[in-house]
Amino acid sequence: MKDLIKMIALAGAMSISLTALAADPVVDAAWVKAHSCDQNVRVLDIRNRLDGSSKTDYLKGHIPCAVHTNYLKDGWRSAVNNVPAQLSNPDDLAKIIGGLGIDNDTHVVISHNGKNALDMGSATRIYWTFKVLGHDQVSILNGGYRSYTGDPGNEIEKGNNKPEPKTFTVSLRPEMIATKEDVKMAIDDDSTVLVDIRPTHQFLGINRHPKSKRFGTIPSAKSFPESWATNNGGGSFRSASDLKQLYAAAGLETGGKQINFCNTGHWASLGWFVSHELLGNQEATMYDGSMVEWSADESLPISRQVTLE
């Protein structure tokens, strides 16, 4: 009897371990190959083109059982208070997610193009959205679709998968979203670090986003360019040890209160993912409105290191 109890306990421990592994922030192509068609797994293919015709590539070939969603056009982000590309209404997001055959028991795996940090930002933005909505069973395919097709032995499926709709219930986590007021307080608060995830030329004030009203960055912010988060600016994350080294180079701690921002919350999600999910900083948050919202308010300060004619 004692041996039986030990076996049951061991099996339970193994089950818990496997569940924890399945919910890891990052999974590799081998994991996806083994689990993409599992009943409780939904691979989201978010590949897109600049013209918005993202389903073209999906129809030509995708990971078996993967479902397509258009990150740019399917309603994941929407304008809020004249600021573009913000977190959409949670009820609308619940309908989008349920329509993809995802409920609260589904392990979602996000598959992106895998070309560069911009692609990675698309994946981390949807990942962050799931987390904000209270869903922890979500992962990103490290290296994206390119990593999967890099092994010629991995099966490719063509055509369209249209799953049966499910019910997804939101448990909103507003504490994950930094507001403009939070950022204002952080400028003079030594206990909270502001992290600018935009490219260095935007941080310095040399160039700006087309929808940003002013050049420069938020005062006291430190720069951690989006390309630092991925290997050679590509489609896979750097190791935790490398990220810690780069954090040190940027003058950043790996713990403590932190607000990540960019222009509209795309690259900022990449910075948040690195800090919160890969380096384990549970106090890291993201400012969704970022520089587009901040720069539009003339009463708010901006720091510009380089002023050109």
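A strand, as the word is used here, is a DSSP run of E with at least two residues, and strands are numbered from the N terminus. The model is predicted.

**The second largest pocket**

Strand β5 gives three residues to the lining of the second largest pocket, the largest share. The elements that contribute two or more residues to this lining are β5 (83-87) and β8 (177-178). In total, 18 residues line the pocket, and the space in it comes to about 300 Å³. Val80, Gln86, Leu87, Ile177 and Asp288 are the lining residues that lie nearest the pocket centre. By residue class, the lining has nine nonpolar, six polar and three charged members.

How many of the five residues of strand β2 are buried? Five of the five, in the run 41-45, are buried, so the strand is largely enclosed by the rest of the structure. In a regular strand the side chains alternate between the two faces of the sheet. In β2, Val41, Val43 and Asp45 point one way, while Arg42 and Leu44 point the other way. Both groups are buried, a term that stands for under 20% relative accessible area.

Strand β2 pairs with β6 (residues 107-111) through five bridges, and the two strands run parallel. β2 also pairs with β3 (residues 67-68), again in the parallel sense, over two bridges. Asp45 takes part in both pairings: its bridge partner in β6 is Ser111, and in β3 it stands opposite His68.

Gln258 stands opposite Ala284 in β12.

**Aromatic contacts**

A pair of aromatic rings is described by the distance of the centres and the angle of the planes. Seven aromatic pairs are found in the whole structure. Two of them are set out below.

| Pair | Distance between ring centres | Angle between planes | Geometry |
|---|---|---|---|
| Tyr127 and Phe273 | 4.9 Å | 85° | edge-to-face |
| Phe224 and Trp228 | 5.5 Å | 75° | edge-to-face |

With planes at 85°, the pair of Tyr127 and Phe273 is edge-to-face, because that class begins over 60 degrees. Tyr127 lies in helix α5 (residues 117-132) and Phe273 in helix α10 (residues 267-278), so the pair links distant parts of the chain, 146 residues apart. Tyr127 and Phe273 are both buried. They also belong to one aromatic cluster, together with Phe237 and Trp272.

Are the members of the other pair, Phe224 and Trp228, buried or partly exposed? Phe224 has a relative accessible area of 1% and is buried. Trp228, at 29% relative accessibility, counts as partly exposed.

**Arginines over rings**

Two arginine residues lie over aromatic faces. Arg47 lies over the face of Tyr145, 3.8 Å from the ring centre. Arg208 lies over the face of Phe215, at 5.1 Å from the ring centre.

Note on methods:
Residues numbered from 1 in each chain as written. Predicted model: local features only at pLDDT ≥ 70, side-chain atom pairs only at ≥ 80, totals over all residues. Heavy atoms only, no water. 1 Å grid on protein atoms, 1.4 Å probe; cavity = no way out; pocket = protein on both sides within 12 Å on 5 of 7 lines; lining within 4 Å. Points joined across faces, edges and corners; volume = space filled by probe spheres on them. Helix = DSSP H or I, 4+ residues; strand = E, 2+ residues; numbered from the N terminus. Nonpolar A, V, L, I, M, F, W, Y, C, P; charged D, E, K, R; others polar. Buried < 20%, exposed > 50% of the residue type's maximum accessible area, 1.4 Å probe, protein only. Pairing = 2+ DSSP bridges. Phe/Tyr/Trp six-rings, centres within 6.5 Å; stacked < 30°, edge-to-face > 60°. Lys NZ or Arg CZ within 6 Å of the ring centre and 35° of its normal.
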